[in-house]
Amino acid sequence: MNAMESAAVVGSMLGIVFARQQLSNLARFVGGGKATREPETPHRLECDYLVVGAGAASLAFVDTLLTELPRAEVILVDRHDAPGGHWNDAYDFVRLHQPSIVYGLASRKLEGSWLWNFLQCRAPWQHRANKSEILAHFTSGVRDWVKSGRVRYYPRCEYDFSQPEAVHSEGGTLRRFRGCDGSTEYTALVRHKVVNGTVGEPLIPALCPLPFPVDPWGVEVITPNDLNGLKPLGGGRKRHYVVLGCGKTGVDTVVYLQRKMRVDPKRDITLIVPQVPWCYTRDGPRGPHGPMGLWAEVLKNGGDRDRALRELGRQGSLTPLFEGTEPTVCRYPVIGKDELQDVARVGHIVRRGRIRSVTRSGDQVSLNFRGRGGKVKVKAAADDVCLVNCCAPGPLLKKAVPPVFDGNIINLSLLFGPPVGFTMTIIGMIEASAQQGLLDASFCREEIGCEDPLALFAAYDIMDTSARSMMEVFLNLGLVAAIMRKDPAVTLRWLKRNRLSMYSIPFVQMNLAEKLHEISAKRSALGVSRGKARMALALARKIEGQAF
Ligand SMILES: Cc1cc2nc3c(=O)[nH]c(=O)nc-3n(C[C@H](O)[C@H](O)[C@H](O)COP(=O)(O)OP(=O)(O)OC[C@H]3O[C@@H](n4cnc5c(N)ncnc54)[C@H](O)[C@@H]3O)c2cc1C
């Protein structure tokens, strides 16, 4: 047997396995009964999906899965006391930096009633939920699912991803999780898949120490969470705040210090800026564009990301955090004009790269920078200096990104950039379509040469700034459009009705087929492989004429 013949045999075997799997899933989700093997006990459970993590990613996924597979049963496990993931640990004055209308769960509004928004003299798409609104949104979702009996929620519980897989003799796998205090262990027979909703877990300042040493003898260090309860200094002295970092948390902190704590920005704030970021303008001349706008511009510019960034800056979709500076990094924060003005008011802005250490000598605090950054003396008495840790990278961490569909594991990696809900509702829908046998498997086999449609979706690594990586976003969107259902018009209707999808915004269109053709034509400049370029063409042909 030559290599081609072996490949064909393996391919058809995979096809048979896939088809058998589809049949058994169809029986479970469409017509058949529940295949319970042994009676459940409080600690011996059974479910279709065991979802680890109850943050924005997992909950958006579960929400869509439950809507699309009305018979599916889910166990939800999370270390936190309450749903909402990292939002539980966030500082009280945090808000979404993007509109609420595309965040949270597809099945319920986060922006509240549109009438109420208009009565507040605000368009619904200008609503940006605060911490308590976000937590209430997720909590009410989980509460309703639990009430319906379809979700069992295990807060304060931990799942160990390194546990060996134990296959059950009658199908499914046995998985264990335990209470965080170690007192209780649960075993779950998972009929379908384990869902890893921890992939995008961000690192936030409240939970991670400063990444450099600070002289332990007398420099106050806090996080934004502590600002609310700070006791005044004695003797009428005022604190001098050194805000370490200028991502979303750093900018929020600078704004809060001025607007709520009435701190004089000229005299009493120093802002440390390791790198000047590009920010998306919330209210710029062309309105918010989001990351899709950047990838489209990269494609237009033949893969030249820097040129694309400059072009978006020229158009007003992006702005440097400080007027007249050349940004060196783009991490997708969205910023309003009023916030830019607050940042510009800060009296001491230090742009010397990353801090190596903070030392105190007598009444002087020094910030020691890496490399050629040298040393900067804080312009305040040492006892008045307050370092505010805004250094953590949030969700933008350099780490290996696991594949989304990996056998009986679903990793909730991104397929597109932020907001996270768009990817997660789509992964939920793809999974539901796969379980119901609704994916266009014959198109994948005949036009793309792949037996398993799920294997075609590539996780998007947001930290990889290469054009090749950015093009995955359009390829994933093309796959969604072309194969989630046999008829792309059905998919488009679903996307238009889904509040987490950009297509739900009136008149939004991506000219996706055109972009897929362009990817194929500019393949070499973009670093896209021949196979992916061929796939792009096949996808473009299938969705031609549809308003994607
Ligand atoms: C300050 C801030 C503002 C942001 N603003 C926005 C915004 O405006 N728009 C936007 O799109 N994104 C925003 N983000 C990005 C944000 O990270 C995502 O929107 C989203 O909230 C991430 O959700 P997640 O479910 O991936 O992670 P998390 O919310 O961290 O949820 C993961 C959950 O998994 C649990 N967990 C982890 N390991 C285990 C285990 N082994 N066993 C059990 N449970 C486990 C954790 O306890 C956690 O609850 C912001 C991030 C930060 C830090």
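Asn 511 counts as partly exposed, at 36% relative accessibility. This is a value from a predicted model. Asn 511 sits in the loop between α13 (488-497) and α14. Its phi is near 50°, which is positive although the residue is not glycine.

Arg 156 also has a positive phi without being glycine, here near 55°. Its loop runs between β3 (151-154) and β4 (157-159). With a relative accessible area of 46%, Arg 156 is partly exposed.

**A buried serine and a cis bond**

Is Ser 413 buried or exposed? Ser 413 is buried, because its relative accessible area is 1% and buried means under 20%. Ser 413 belongs to the loop between β20 (409-411) and α10 (420-435). Its side chain reaches the backbone oxygen of Pro 402 at 2.7 Å. Leaving out residues up to four places away in sequence, Ser 413 touches Val 199, Val 401, Pro 402, Val 404, Thr 423, Met 424, Ile 427 and Ala 459.

Pro 419 is found in the loop between β20 and α10. The peptide bond from Pro 418 to Pro 419 is cis, and its omega is near 0°.

**Helix α7**

Now to a helix. Of the 11 residues of α7 (residues 290-300), 8 are buried, so the rest of the structure largely encloses this helix. The buried ones are Pro 291, Met 292, Gly 293, Leu 294, Trp 295, Glu 297, Val 298 and Leu 299. Which elements cover them? The cover includes the strands β11 (277-281) and β13 (329-335). It also includes the helices α8 (305-315), α12 (467-483), α14 (512-521) and α15 (523-526). Gly 302 follows α7, and its phi is positive, near 60°.

**Two helices that cross**

Two packed helices are described by the angle between their axes and the distance between the axes. Helix α5 (residues 248-259) packs against helix α9 (residues 337-344) at an angle of about 80°, and their axes are 9 Å apart. That angle makes α5 roughly perpendicular to α9, because 65 to 115 degrees counts as roughly perpendicular. From α5, the residues Val 251, Asp 252, Val 254, Val 255, Gln 258 and Arg 259 take part. They meet Asp 338, Glu 339, Asp 342 and Val 343 in α9. The contact residues divide into 4 nonpolar, 1 polar and 5 charged.

**Around the ligand**

How many residues surround the ligand? There are 31, and the closest are Asp 78, His 80, His 97, Tyr 103 and Tyr 159.

| Residue | Atom in the residue | Distance from a ligand oxygen |
|---|---|---|
| His 80 | N or O atom in the side chain | 2.8 Å |
| His 86 | polar backbone atom | 2.9 Å |
| Ala 57 | polar backbone atom | 3.0 Å |

**Ala 106**

Ala 106 lies in the loop between β2 (74-77) and α3 (114-119). Ala 106 is partly exposed, with a relative accessible area of 24%. Setting aside neighbours within four places in sequence, its contacts are Asp 63, Thr 64, Thr 425, Asn 498, Arg 499 and Leu 500. Where does Val 219 stand relative to Ala 106? The two are 113 residues apart along the chain, and their C-alpha atoms are separated by 46 Å.

Technical notes. Residues are numbered from 1 along each chain as its sequence is written. This is a predicted model: local features need pLDDT of at least 70, side-chain atom pairs count only at pLDDT 80 or more; totals for chains, interfaces and linings use all residues. Side-chain values use heavy atoms; hydrogens and water are left out. Axes are lines fitted to C-alpha atoms, for helices over the stretch in contact, and angles run from 0 to 180 degrees between N-to-C directions. Helices (H or I, at least four residues) and strands (E, at least two) are DSSP runs, numbered from the N terminus. Angles under 35 degrees count as roughly parallel, over 145 as roughly antiparallel, 65 to 115 as roughly perpendicular and the rest as oblique. Contact means heavy atoms within 4.5 Å. Ala, Val, Leu, Ile, Met, Phe, Trp, Tyr, Cys and Pro count as nonpolar, Asp, Glu, Lys and Arg as charged, and the others, Gly among them, as polar. Buried means under 20% relative accessible area, exposed over 50%, partly exposed in between (1.4 Å probe, protein chains only). A residue is near a molecule or strand if one of its heavy atoms lies within 4 Å of it. A polar contact is a pair of N or O atoms within 3.5 Å; within protein, one must be able to donate a hydrogen and the other to accept it, and residues adjacent in sequence count only if both atoms are side-chain atoms.
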